[in-house]
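These are my notebook entries on one structure. I set down what I looked up, entry by entry.

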Amino acid sequence: MSCKGDTRTQRSRGGGPAEQTGNTAAPSRLPLFLPLPTRPATDAEPIGAGAAARRSQAEHSAAPARPGNRGQQAPPGSYKRRGRLSAAPGPARTRSRRAPGLSLRARRRAAANQRARRGAGGSGRGAGAAMEDVSAKFVSQKISRTRWRPLPAAALQPPDVFATGSWDNEDNRISIWSAGDLGNAGLNGEYHGEPHLLCDIQHNGDVMDMQFLDQERIVVASSTGTVTIFRHHQNNQTLSADHRWAKAHYHVDQDTSCGGAACTGVVCNNPEIVTVGEDGRINLFRADQKDAVRTIDNADSSTLHAVTFLRTTEILTVNSIGQLKIWDLRQQRNEPSQIFSLAGDRVPLHCVDRHPNQQHIVATGGQDGMLSIWDIRQGTMPVSLLNAHEAEMWEVHFHPSDPDHLFTCSEDGSLWHWDTSTNVSEKPSFLHQGGRSTAYLSHSTMNQSVVSAWLSNDPTKDRMEITNLIPNQTLSVNSLDVLGPCLVYGTDAEAIYVNRQLFA
Amino acid sequence: MTTGDGAPSSSRVFVVRRDQDIYIHTLRKLFNESHGIFMGLQRSEEELAGKSRKAQLVQVSKNYRSVIRACMEDMHQAAALKLGPAFLQVSILSAMELIWNLCEILFVEAATAGPLLLRLLDWVRLHVCDVDSMVRQVLSSESPSKHKLFWNVVDVFVLQGRMDEARHLLSKEASANPASMNMYKILDDLMKKMPVPSLGNTQTLTELELKWQHWHEECQRYLQDGTFASNPHMESICKILLGDEDAILEKKELMTTWYHFLVTRLLYSHPTVKPMELRFYAQSSMDLFLGGESSPEPLDMILMAAFEFEMHQVIKECSIVLSNWWFVAHLTDLLDHCKLLQSHNLYFGSNMREFLLLEYASGLFSHHSLWQLGVDYFDHCPQFGRVYLELHIERVPLSTEQKALKVLRICEQRQMHEQVRSICKIMAMKALRNNRLGSALSWSIRAKDAAFATLISDRFLKDYCEKGCFSDLDLIDNLGPSMLLSDRLTFLGKYREFHRLYGEKRFAEAARLLLTLMTAHIAPCSFWMTLLTDALPLLEQKEVIFSAEQTYELMRCLEDLTAGNPDKQKFQDDDVETTKVEMLRLALARNLARVIVKEGTVEGS
């Protein structure tokens with residue numbers, strides 16, 4: 001075993017009992033005067049994965065209340081009171097670790113973690129099992145987006161390949177990673193490998209959003225307003241730009257050299273691609289066509305922050321004045337077919353996701369960190385407002401095959417797992433098959449429970465377990481993606497994390 | 001710390017950077033990961049009692065070192081691909097780790113006599129690893145004992161106090177040389193019996209010294225007996241065991257550094273050395289080792305200062321020699337948390353910890369994307385951190401709205417109102433320049449910037465006057481409480497409400513609102529004419545909308561407008577305006593007539 005390999009393992013495992021290579025004098029391939037440890041990191045605590053994986057759990061009963069109908073002229077400042085009131089009392093402030101917010105079980109667990117961390121002294125630390133699940137890698141670029149490559153229809157294996165995009169670097173990149181080698185699986189099926197780079201390519205401007213079009217192609221939205229399709233050649237592990245719509249979003253004039261407006265969101269439903277931008281424009285592209293199929297200029301007077309498909313012909317957008325709009329692309333009128341809004345508050349919305357099975361349930365995340373659940377069949381206001389993060393919520397995702405689970409991440413450096421499945425006592429979990437059978441089954445078996453879970457207003461019945469997956473992080477978690485039992489997220493601290501046993 | 005890039009002509013552009021290492025790509029990992037450790041240290045509980053607090057601090061120190069090591073590995077990998085500047089960087093990193101490790105032993109952990117020597121031995125073993133390749137060569141050969149480096153390896157093991165390994169090798173030689181078996185046995189026995197300090201408190205120092213004395217005398221005896229006289233290698237080993245300086249110095253090539261010599265010397269002649277005695281041995285070891293042939297290098301001076309417990313000297317020398325602030329800033333912060341630096345204040349600025357942290361964080365802020373890390377460092381500089389942050393944060397380029405939001409969040413969390421205003425204003429101006437009135441208004445509302453909101457409202461009204469319809473209805477219809485930010489904005493919102501009411505054919509409400517806009521002086525005077533013209537269709541409706549009282553009010557408004565306007569010329573010259581006024585007067589008079597009749601009949605009936 002070489003020095004290098006040994007240290008790697010130690011670090012990525014996030015602090016298992018340190019393996020003493022002892023005095024067996026590990027051979028070194030290095031120049032003589034460049035000291036490399038004979039006992040690498042055995043006395044030093046590995047960082048990264050371990051720190052992030054420390055979990056604290058909190059249970060609470062969320063009481064999503066319908067917000068009161070208030071007039072437009074409510075005095076300024078009343079917003080705060082209303083906002084906080086309508087969410088659950090003391091809901092899941094896991095970060096502050098206030099005792100009342102924690103269940104007994106959670107507190108005990110947190111205490112155990114604390115003990116494990118402190119008591120370990122010099123020789124690594126007794127890591128909880130949870131830490132083994134997460135592998136981390138510092139990648140020397142701030143990550144703005146992470147996305148799993150979709151699994152082929154018949155796949156039984158968990159996802160392995162994911163893509164990341166960076167922002168705010170002088171040289172931004174799109175990178176394709178392998179989450180870890182299956183061959184490295186330990187005896188208990190734990191994965192010790194950390195993500196490794198398969199290939200990358202330079203990208204012009206910040207990556208604002210990206211999504212896989214299919215197995216091989218990724219659509220990337222740039223801060224320069226350009227939308228690019230990159231192709232990942234899997235046989236020789238290279239990336240190339242397949243097609244580019246230069247300045248799909250622009251301010252004054254599309255043809256001048258400057259004046260591109262950031263494209264903030266992209267969503268695909270092969271072959272259709274919809275993009276939105278700071279210019280308030282909606283573009284509809286087809287992967288096989290050179291020009292935009294449809295453009296709605298001035299679709300929004302403020303910045304559009306995100307977009308998602310509601311049905312094959314309808315899209316949802318959220319903007320910076322707290323509105324959720326539905327657009328029917330079949331209609332030639334350049335007006336939204338419906339507008340929903342956070343009554344009078346104008347808190348910008350940053351992300352939107354639709355329930356995978358029940359298309360009328362929509363979740364959005366706002367600038368104040370609030371999670372809003374909307375029922376687009378009724379009313380124009382959210383069904384429930386859940387007090388969540390302390391700063392901007394950057395992404396919200398329903399679990400694609402088990403929509404009782406929802407994941408949100410935020411500028412405040414936390415990533416929350418919202419689990420509404422706990423009130424259904426003995427529901428079998430299909431997650432570990434990691435395939436598509438789950439989505440199929442859930443229609444019949446989970447339907448009832450989900451309705452009560454996300455839309456119910458009864459605080460006594462509703463139990464939502466909320467777990468903060470990263471208690472001690474300080475910098476923003478910009479993106480997350482979840483597929484099967486696997487979660488990947490990226491941060492401004494220039495690290496990517498993969499959790500392969502989300503429901504262990 | 002300046003890099004000059006430019007053509008060799010007289011007109012050059014110099015790129016001046018305050019902290020050059022910040023720009024090394026592979027070091028970004030170091031900055032990011034250590035930021036996490038730094039934050040953890042700041043958060044850690046001060047009240048932890050003596051021992052556990054020390055353990056915690058040592059752990060933090062080890063974490064820092066493990067990050068440095070991880071970075072070195074990455075650089076090795078990079079260097080394996082293409083030789084370049086990475087090579088130099090690795091040696092700088094390894095020097096940093098060497099210094100840090102020594103500081104950890106001496107200052108953070110403050111090892112006492114006994115354990116101190118064990119720690120120093122670990123330190124030397126960790127950092128002098130030429131032996132590894134040698135051992136591999138020897139062990140992989142067919143008969144190790146015949147290898148030309150065999151005795152070198154044994155010597156290195158002995159010099160580093162790795163007795164078990166040395167004995168293991170010797171036993172190979174012994175089995176190959178049955179003739180001198182006895183000699184080997186004796187040496188093996190001596191090496192086995194050598195007393196070492198233990199980490200646990202099982203034996204006292206005096207006990208150890210006594211045992212050591214006995215063992216020393218035994219070695220002495222064998223040497224004087226000439227037991228090993230037949231084998232010069234073994235004789236020299238025995239001399240080393242006795243702490244014979246000349247014998248040890250003979251192995252200079254194997255030790256490579258004076259601090260290795262120091263530790264070996266301590267091991268075999270002063271195993272119970274106290275921390276405060278280190279400086280004497282260190283100085284004399286360096287003198288002996290260098291022997292006047294070469295002068296000490298900066299690294300030697302730094303280590304010497306550490307052995308002399310001159311913490312400030314260590315930090316000072318490091319600041320001068322190293323090309324980054326990372327090392328000194330983090331080390332100083334750690335030492336400060338150990339409460340070792342409190343007496344020292346600089347004659348400028350704040351204390352040394354803060355000064356170094358400020359320098360480091362300022363360097364981070366000069367980087368295109370590491371600026372976010374700098375924020376947290378400034379937060380932990382009680383005296384000047386805030387001011388620095390305020391000055392730096394305003395200079396972060398705001399390329400996209402998302403970046404602006406992130407910067408804004410940083411400012412809002414720290415109640416930096418001035419900066420919040422300025423960022424919002426920048427973004428509002430950008431939006432305005434791009435003709436995105438809606439966005440511009442949103443930004444000025446966020447900044448609570450009344451003047452700017454007024455400016456944008458005027459633009460909206462101007463657009464309306466020119467085009468006859470409103471743009472950005474989704475925004476104006478949803479102003480909500482933020483409408484109250486400025487009078488003009490209120491007017492804009494209310495005026496749009498009038499249009500909506502009119503469109504919905506709620507004429508009475510529309511009329512009331514229109515009148516209020518003028519009588520309550522919400523509408524700017526320049527806009528009154530437009531408002532009165534808007535009243536025309538209401539006056540001409542089939543049913544009567546304005547009451548008599550309201551009509552009188554309207555008339556008064558019209559007269560105020562025409563009479564109060566000093567620039568009467570304008571009205572006389574402008575036929576259109578005159579006609580408008582005439583038409584209004586006519587419509588008002590007719591409406592008055594109708595309303596008198598109507599009110600009269602209603603009251604009469």
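**Cysteines, a sheet and a helix pair**

I began with Cys238(B), which is buried (under 20% relative accessible area, with over 50% exposed and partly exposed in between, 1.4 Å probe, protein chains only), its relative accessible area being 0%. I note that this is a predicted model, in which local features need pLDDT of at least 70, side-chain atom pairs count only at pLDDT 80 or more, and totals for chains, interfaces and linings use all residues. Residues are numbered from 1 along each chain as its sequence is written, chains are lettered from A and ligands numbered from 1 in the order in which they are written, and side-chain values use heavy atoms, without hydrogens and water.

Entry: I searched the whole structure and found zero disulfides over all chains; the criterion is a pair of cysteine sulfur atoms within 2.5 Å. For Cys351(A), the nearest cysteine sulfur belongs to Cys409(A), 7.5 Å away. Cys351(A) is buried as well, at a relative accessible area of 4%. Cys238(B) is likewise in no disulfide, with the sulfur of Cys219(B) nearest at 5.4 Å.

**Entry: sheet in chain A.** I traced an open, antiparallel sheet of four strands, ordered β15-β16-β17-β18. Strands are DSSP runs (E, at least two residues), as are helices (H or I, at least four), numbered from the N terminus; two strands pair if DSSP finds at least two bridges between them. At the edges I find β15 (304-309) and β18 (338-341) of chain A, each pairing on one side only. The twist from one strand to the next averages 20°. Between β15(A) and the antiparallel β16 (residues 314-319) of chain A there are five bridges. Opposite Thr308(A) I find Leu316(A) of β16(A).

**Entry: helices in chain B.** I compared α21 (residues 401-413) with α23 (residues 437-446) of chain B: their axes come within 13 Å and cross at roughly 10°. Axes are lines fitted to C-alpha atoms, for helices over the stretch in contact, with angles from 0 to 180 degrees between N-to-C directions. The pair α21(B) and α23(B) is therefore roughly parallel, the class for angles under 35 degrees. Residues in contact (heavy atoms within 4.5 Å) include Leu405(B) and Leu408(B) of α21(B) and Trp443(B) of α23(B).

**Entry: confidence.** I read a mean pLDDT (the predictor's confidence in each residue, from 0 to 100) of 85 for chain B, with 92% of its residues at 70 or more. Residues 1-8 of chain B fall below 50. Where pLDDT is low, the predicted coordinates should not be read in detail. The predictor gives the complex an ipTM of 0.83 and a pTM of 0.80.

How values were computed
Parallel < 35°, antiparallel > 145°, perpendicular 65-115°, else oblique.
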